[in-house]
Amino acid sequence: MSTWSRFRLSAQNSRLPDPSEQSPQPLPFPGPWVGGVALILAPLLLLAGVLLRLPFHFFFPQQLAAFQSHPARMAAAYSLFAVGNVLLWPAVATLCIAISSRRPAWAIWGGTLAITGLFARTHSAGIDHLAFQLVRVQNLGAASKAVADSYGAYDIFHALSFAAFFGWMVLAIGAYLAGVLGLIRSVALALMSILMLGTLKGTSLTSVIAAGGLCVAFVPFGFQVLRQGSVPDRRRSLLQALAAIGVIMLFLFLGPRA
């Protein structure tokens, strides 16, 4: 019996019966289709963003200078990284569902810490976007001075940085102990703890290792989840997925014109 099937069976058995209820037990959120696709796309987008900014030094003055000389490339790099980071929440949630059938405590704490760390990275992505706009609407010198003068400023999300480092290690240990990921893929997942966090962090060797390790850990597991998912009406699921993609593309097209 697959890990996903065991979780569904345990969820059904742990629920008090209701004789008046005729509908079947729903799949655990976010479900195998959303979770499986996120497990595949999120690490690939993250790695693409990391590789696009590879030629430039990782510290903020060089990142701002790179945006001035290569605005389209740097905007794409940071956008891909940010989208991949956001897509990691359903990916992590899906992994936690698989872990929870055997190691619930590791799933709870690993998932909580890892997803909390994702919020910290999303906050940094907003700061990065503003800094790049300062280069565009003012100049490189003004943008560099603004970032340098405020670089050490405290914010509440800075206190969550520990979650971005330790969450992946806790999650990797839980995945290994639960038998969801083997030793190699669990170690690859734990490498995400070395991914740099903060304002305008470019690509270093550790960034490539971390993003590559995430691909090794998550992409095969994503295909495994998709194969195990039970979909009663595939045509309806496909139409729903296409509708969701259409809505997202519409917002992306209309957003710059709003």
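Exposed here means over 50% relative accessible area, buried under 20%. I wrote that down before anything else, with a reminder that this is a predicted model.

**Entry 1: overall layout**

I began with the secondary structure. Next I checked burial: 38% of the 258 residues count as buried. Then I looked at contacts with a separation of 6 or more, and 79% of them join residues 24 or more positions apart.

**Entry 2: salt bridge**

How many salt bridges are there? The count comes to 1. The partners are Asp-149 and Lys-145, and their closest N and O atoms sit 2.7 Å apart. The cut-off is 4 Å, so the pair qualifies.

I then looked up where the two residues lie. Both belong to helix α6, residues 140–150, and because they are 4 residues apart there, about one helical turn separates them.

Is Lys-145 buried or exposed? Its relative accessible area is 54%, which is over 50%, so Lys-145 is exposed. Asp-149 comes out at 56%, so Asp-149 is exposed as well.

**Entry 3: α4 against α7**

I turned to helix α4 (residues 71–100) and helix α7 (residues 161–177). At roughly what angle do their axes cross? I noted roughly 35°, with the axes coming within 10 Å. The crossing of α4 past α7 is left-handed.

I listed the contact residues by helix. From α4 they are Leu-88, Val-92, Leu-95, Cys-96 and Ile-99. From α7 they are Trp-168, Leu-171, Gly-174 and Ala-175. Sorted by type, the contact has 8 nonpolar residues, 1 polar and no charged.

**Entry 4: Gln-63**

I finished on Gln-63, which lies in helix α3, residues 60–69. Buried or exposed? Gln-63 has a relative accessible area of 0%, so it is buried.

Which side chain does the Gln-63 side chain make a polar contact with? I found Tyr-78, at 2.6 Å.

I also went through what Gln-63 touches, leaving out residues up to four places away in sequence. Tyr-78 is on that list too, along with Arg-53, Phe-56, His-57, Phe-58, Met-74, Phe-132, Leu-200 and Gly-202.

Technical notes. Residues are numbered from 1 along each chain as its sequence is written. This is a predicted model: local features need pLDDT of at least 70, side-chain atom pairs count only at pLDDT 80 or more; totals for chains, interfaces and linings use all residues. Side-chain values use heavy atoms; hydrogens and water are left out. A salt bridge is a side-chain nitrogen of Lys or Arg within 4 Å of a carboxyl oxygen of Asp or Glu. Helices (H or I, at least four residues) and strands (E, at least two) are DSSP runs, numbered from the N terminus. Buried means under 20% relative accessible area, exposed over 50%, partly exposed in between (1.4 Å probe, protein chains only). Axes are lines fitted to C-alpha atoms, for helices over the stretch in contact, and angles run from 0 to 180 degrees between N-to-C directions. A crossing is left-handed if the near helix is turned anticlockwise from the far one by less than a right angle, and right-handed if clockwise. Contact means heavy atoms within 4.5 Å. Ala, Val, Leu, Ile, Met, Phe, Trp, Tyr, Cys and Pro count as nonpolar, Asp, Glu, Lys and Arg as charged, and the others, Gly among them, as polar. A polar contact is a pair of N or O atoms within 3.5 Å; within protein, one must be able to donate a hydrogen and the other to accept it, and residues adjacent in sequence count only if both atoms are side-chain atoms.
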